[in-house]
Amino acid sequence: MTTPGADLKQLAEFSVPAASVGAAAGIIAGGLAAFVGQPAGWAVVTGLGLGVPLVLFGAGYAVLVAMGKVPAGVFAPAAVYWVIGFPLALLVHSVATEWVVTGAPGLPPEPWKFLAFRALVSMGFAIGFLWMHEQLGRHWWPRILDHNLYARRTVEQYVHLATALEARKAATGRGRKKKLA
């Protein structure tokens, strides 16, 4: 049995790939803001205003995977999660930007339309997030699975999925090599 502190440490360690995706998005947003000529302070606010919420939401998604509430590598739950998380992250970014530019935090005009549009484009982010999460995770989780219960469970889940897909492929004949005539 693990202690609550050890459990939180394992969850945090397991969440590194997901949090890294959010951090990368923030760095890219800040870099793009600087590239287009925004003042350095605004570029930093852009990076932090977007990156911090995406890091937190990404870690939240990883915790759901770790706890078995969301299956690893399945798009539909990731899409549902990000249809809420992505617009909220962009809302935090908008409020932070407004605060820096005008000196007072404020919502964007027509906030429901703002959120609805961002929910529509969240599917693209969900695809990218899931892909990056898996790419980083497949390198990170095997390194920590000897001492991290959540990494072990997730790697076992991916192994089971790969085994099932391979068996299905073999059963349908798609796994056989074609004979030359």
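Analyst: The largest pocket of this predicted model has a volume of about 160 Å³. Its lining consists of E134, Q135, G137, R138, W141, P142, V155 and Y158. Two or more of these residues come from each of the elements α5 and α6 (149-172). The greatest contribution is that of α5, with six residues. By type, the lining of the largest pocket holds four nonpolar, two polar and two charged residues.

One of the lining residues, W141, leads on to the aromatic rings. A pair of rings is described by how far apart the centres are and by the angle of the planes. Across the whole structure, a search finds eleven aromatic pairs. Among them is the pair of F14 and W141, which is stacked, with 5.0 Å centre to centre and 10° between the planes. F14 belongs to helix α1 (residues 4-14) and W141 to helix α5 (residues 111-144), so that the pair links distant parts of the chain, 127 residues apart.

Other aromatic residues form a group: ring pairs join F57, Y61, Y81, W82, F86, F125 and F129 into a cluster. A charged residue also meets a ring, as R118 lies over the face of F114, at 3.9 Å from the ring centre.

Note on methods:
Residues are numbered from 1 along each chain as its sequence is written. This is a predicted model: local features need pLDDT of at least 70, side-chain atom pairs count only at pLDDT 80 or more; totals for chains, interfaces and linings use all residues. Side-chain values use heavy atoms; hydrogens and water are left out. Rings of Phe, Tyr and Trp (its six-membered ring) pair if their centres lie within 6.5 Å; planes under 30 degrees apart count as stacked, over 60 as edge-to-face and the rest as tilted. Helices (H or I, at least four residues) and strands (E, at least two) are DSSP runs, numbered from the N terminus. A charge sits over a ring if NZ of Lys or CZ of Arg is within 6 Å of the ring centre and within 35 degrees of the ring normal. On a 1 Å grid over the protein atoms alone, a cavity is a set of points where a 1.4 Å probe fits but cannot get out, and a pocket is an open set with protein on both sides within 12 Å along at least five of seven lines; lining residues have an atom within 4 Å of a point. Grid points are joined across faces, edges and corners, and a volume is the space filled by probe spheres set on the points. Ala, Val, Leu, Ile, Met, Phe, Trp, Tyr, Cys and Pro count as nonpolar, Asp, Glu, Lys and Arg as charged, and the others, Gly among them, as polar.
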